[in-house]
Amino acid sequence: MLEHLAAAHLLNPAGPDRYRLHDLLRCYAAERAAAETGPADLAAARERLRSWYLQPEDQGGQDDSSLSGEPC
């Protein structure tokens, strides 16, 4: 599935078995979220994502370098 999305240029390879959303797709998703979701819900979603990234790796956490700021 990921290979199909990469072939459609919706994902970019980011290393072995790793992918990132294409920049334009990430910006579009951020715009849609802002238009359809209130500020409090967006802040809560960002906090949940940040908490997940900051978990120890043995609990499923990931590198938080992609959370450096706004998506666009």
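**Secondary structure, exposure and side-chain pairs**

Tyr53 is buried, with a relative accessible area of 18% (buried means under 20% relative accessible area, exposed over 50% and partly exposed in between, with a 1.4 Å probe and protein chains only). The structure is a predicted model, in which local features need pLDDT of at least 70 and side-chain atom pairs count only at pLDDT 80 or more, while totals for chains, interfaces and linings use all residues. Residues are numbered from 1 along each chain as its sequence is written, and side-chain values use heavy atoms, with hydrogens and water left out.

Tyr53 takes part in an aromatic pair with Trp52. The structure holds one such pair. The ring centres of Trp52 and Tyr53 are 5.2 Å apart and the planes stand at 80°, so the arrangement is edge-to-face (rings of Phe, Tyr and Trp, the last by its six-membered ring, pair if their centres lie within 6.5 Å; planes under 30 degrees apart count as stacked, over 60 as edge-to-face and the rest as tilted). Trp52 is partly exposed, with a relative accessible area of 35%, whereas Tyr53 is buried.

The protein chain has 72 residues, of which 10% count as buried. Its accessible surface amounts to about 5,900 Å², and carbon and sulfur atoms account for 55% of this (accessible areas come from the Shrake-Rupley method with a 1.4 Å probe; for residues, only the protein chains shown count as cover). Three helices and two strands are present in the protein chain (helices, H or I, of at least four residues and strands, E, of at least two are DSSP runs, numbered from the N terminus). Along the sequence these elements follow the pattern α-β-β-α-α. Of the contacts between residues at least 6 apart in sequence, 16% join residues at least 24 apart (contact means heavy atoms within 4.5 Å).

Helix H1 covers residues 2–7 and contains Leu5. Leu5 is partly exposed, with a relative accessible area of 30%. Together with Met1, Leu2 and Leu10, Leu5 forms a nonpolar patch on the surface, and the accessible area of these residues totals about 370 Å² (patches are made of residues with over 30% relative accessible area and no salt bridge; like charges are joined within 9 Å and nonpolar side chains, namely Val, Leu, Ile, Met, Phe, Trp and Tyr, within 5 Å).

The loop between H1 and E1 contains His9. His9 has a positive phi of about 65° although it is not a glycine. Most residues other than glycine have a negative phi. His9 counts as exposed, at 60% relative accessibility.

Strand E1 (residues 11–15) and strand E2 (residues 18–21) run antiparallel and are joined by four bridges (two strands pair if DSSP finds at least two bridges between them). Within this pairing, Asn12 stands opposite Arg20 in E2. The two strands form a hairpin with two residues between them. Asp17 lies in the loop between E1 and E2 and has a positive phi of about 60°, although it is not a glycine. The relative accessible area of Asp17 is 79%, and the residue is therefore exposed.

Two salt bridges are found in a search of the whole structure (a salt bridge is a side-chain nitrogen of Lys or Arg within 4 Å of a carboxyl oxygen of Asp or Glu). One of them links Arg26 to Asp23, with the closest N and O atoms 3.1 Å apart. Arg26 and Asp23 are three residues apart in helix H2 (residues 23–36), and are therefore separated by about one helical turn. Arg26 is partly exposed, with a relative accessible area of 32%, and Asp23 is also partly exposed, at 45%.

A salt bridge also joins the side chains of Arg32 and Glu36, with an N to O distance of 2.6 Å. Both residues lie in helix H2, four residues apart, which is about one turn of the helix. Arg32 is partly exposed, with a relative accessible area of 34%, whereas Glu36 counts as exposed at 58%.

Helix H2 also contains Ala30. Ala30 counts as partly exposed, at 25% relative accessibility. From C-alpha to C-alpha, Ala30 and Leu42 are 9.8 Å apart in space, with a separation of 12 residues in sequence.
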